[in-house]
Amino acid sequence: MSNVPILELNNVVAGYGKKEIINKISIKINQGRIVTLLGSNAVGKTTILKTILSQTCLRSGEIKYNGIDISNLATHKIARLGISYVPEGRGIFANLTTKENLLAGAYLLKSKQELENNLNRVYSIFPILKERSNQLAESLSGGEQEMLVIGRSLMSKPNLLLLDEPSLGLAPKLVELIGKILKEINNEGVCILLVEQNAKLALELADYGYLIRKGTIVLEGDTKDLIKNKKIKEIYLGII
Amino acid sequence: MNYFMQQIINALGWGSILALLAAGYTMTFGIIGLVNFAYGEVFMAAAFAAYFALTIFNLPYWVALLVGLISAIVIGLAIERIAFKPVRGAGMITLFITSLGASIIIRNLFVMLFDDSLKSFKTPNFLRGVYLLSDLIFFKKNILIFSITIILCIVLVYIVKNTKLGIAMRSISYDSQIAETLGINTERIIIITFIIASFLGGMAGILWGILFGSVRASMGVIMVVDAFIASVVGGVGNVFGAMVSGYILAIGSALFIAYLPQELIGLKPLFVWVIFFIILIFKPSGLFRANIK
């Protein structure tokens, strides 16, 4: 396995229009790792993900993917490099069926056989999606929609998966299932950058974590150390 | 009963043209939120190009058709690059205003150069006359126009429902940012959408010329509003819905005045507006599923 980190952010400053949201963010994800971004609402976690995807205004700093500078690359080209995104709040196409959403996720695939294989794989991970394959995505429950977005992101066989609050608003059992699936995917070699407010899920899953506050990193470390950290316990009292 | 059926059959010509226009209109409406007032000028310019190819250059019919369609695509893309691309993302109202500006400029250019009179040309021989089936009269023109439209409809619905392009278009219509993250080159798909929409508009313009045996500089203005209404009635971004609505509005208008006293025939344009308001009150999302958020 290569020594170059799969993703690297160096002193990234970014925001929307004139407004700066994240300041001097430096993050590193090594090959095969799960990294988590923790923090409460509106601290800039989503902005970090969107900046990786070139969907914000990058003021300064650089973003590298496998050593290649992707700082100003067009979003669809970034997807082509093998980066998949699971947006916050489901982000399904409500006007398409379940299956069509998955097909949209397979947009970059060239062979029909590959598409068929990946579709069957997603169906085996989330059997309910197969059951609802011809239903409009908007008729799915919240949990099913989350499964759909995750399934959609897997259709392209990504190398790096960016997830934005996958556990938000979901029942504990489903959160557990998603955690299990993410672990499995990671075991197959997919790197994961997980943005989460649910610190328990994040720290159990990830190898390394960053605590974000007001757009900057206030703490970082191996998750086994972060779990013991007093500051985190303070902030997430009751969850750990 | 025969009178009733005859009205419907007669309306199929104009209904087809409206269906094509509505389909093209709804495509760009759905994908970038554009209420395209200039679409009527693509329609008109294609008809004029075909007219000139036919009458001034005396080219054969199929060449005139090709000239018309290519002109439609060129003009449609030019309008997109000049009037819409620079303000993409500035909101529906801005896009509407620039489309209005483009429409006024192009239309008045044509009026200045060619005035607003009817330019007629001879109907080709193979399209003259009628077929009789029991007591019903079928104009050959209408049969051709209807057939072409139905074929295009089938092809279009197939593309939208069963191809990668169709999924890309519908995804972008709903959420273009997320579509981009799936690797979809939204810019390229938007251009392809404009090409298809311009093709449909151009075809509609040429068929209009065939139907009425004439073209005029103001022909786009009347039709574009009906196309807008048909696309809203059908569900924004829904190509099938737009085409069905085009036929419903045309046939409805024909039946509407067929049963009115002679003096009230001028009320024909009122029909589409009545349907429009009824839909907006009872089912504002349209008769069929819209493709926007």
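This is a predicted model: local features need pLDDT of at least 70, side-chain atom pairs count only at pLDDT 80 or more; totals for chains, interfaces and linings use all residues.
Elsewhere in chain B, B:Phe139 sits in strand 3, which covers residues 136-139. B:Gly129 is 10 residues away from B:Phe139 in sequence, and the two are 6.2 Å apart in space, C-alpha to C-alpha.

Turning to where the two chains meet, 17 residues from chain B and 20 residues from chain A take part in the contact. On the side of chain B that touches chain A, helix 6 (164-174) and helix 7 (176-181) of chain B are the elements that give two or more residues. Helix 6 of chain B has the largest share of that side, at six residues. Sorted by class, the side of chain B that touches chain A comes out as six nonpolar, six polar and five charged residues.

Chain A holds an open sheet of six strands, in the order 6-7-8-3-9-10 and with mixed pairing. Strand 6 (83-86) and strand 10 (216-222) of chain A are the edge strands, each pairing on one side only. On average, neighbouring strands of this sheet are turned by 15 degrees against each other, direction ignored. Both senses of pairing can be picked out. Strand 3 (residues 34-38) and strand 8 (residues 191-196) of chain A pair in the parallel sense over five bridges, with A:Thr36 standing opposite A:Leu194 of strand 8. Strand 9 and strand 10 of chain A, on the other hand, pair in the antiparallel sense over six bridges, and A:Leu211 has A:Leu219 in strand 10 as its bridge partner. The hairpin of strand 9 and strand 10 of chain A has two residues between the strands, and A:Lys214 in this hairpin takes a positive phi near 50 degrees.

Helices also lie across strands of chain A. Helix 1 (residues 45-52) of chain A lies across strand 3, strand 6, strand 7 (160-164), strand 8 and strand 9 (208-213), and runs at about 145 degrees to strand 7. Helix 6 (residues 142-154) of chain A lies across strand 6 and strand 7 of chain A, at about 175 degrees to strand 6.

The domain assignment of chain A gives domain 1 (1-82 + 159-240) and domain 2 (92-157), and the C-alpha centres of these domains of chain A lie 24 Å apart. Their contact takes 10 residues from domain 1 and seven residues from domain 2 of chain A. On the side of domain 1 that touches domain 2, helix 2 (75-80) and helix 7 (172-187) of chain A each supply at least two residues. Helix 7 of chain A gives the most to that side, with three residues. By class, the side of domain 1 of chain A that touches domain 2 has eight nonpolar, one polar and one charged residues.

Methods: Residues are numbered from 1 along each chain as its sequence is written. Chains are lettered from A and ligands numbered from 1 in the order in which they are written. Helices (H or I, at least four residues) and strands (E, at least two) are DSSP runs, numbered from the N terminus. Ala, Val, Leu, Ile, Met, Phe, Trp, Tyr, Cys and Pro count as nonpolar, Asp, Glu, Lys and Arg as charged, and the others, Gly among them, as polar. Two strands pair if DSSP finds at least two bridges between them. Axes are lines fitted to C-alpha atoms, for helices over the stretch in contact, and angles run from 0 to 180 degrees between N-to-C directions. Domain bounds come from an automatic or database domain assignment.
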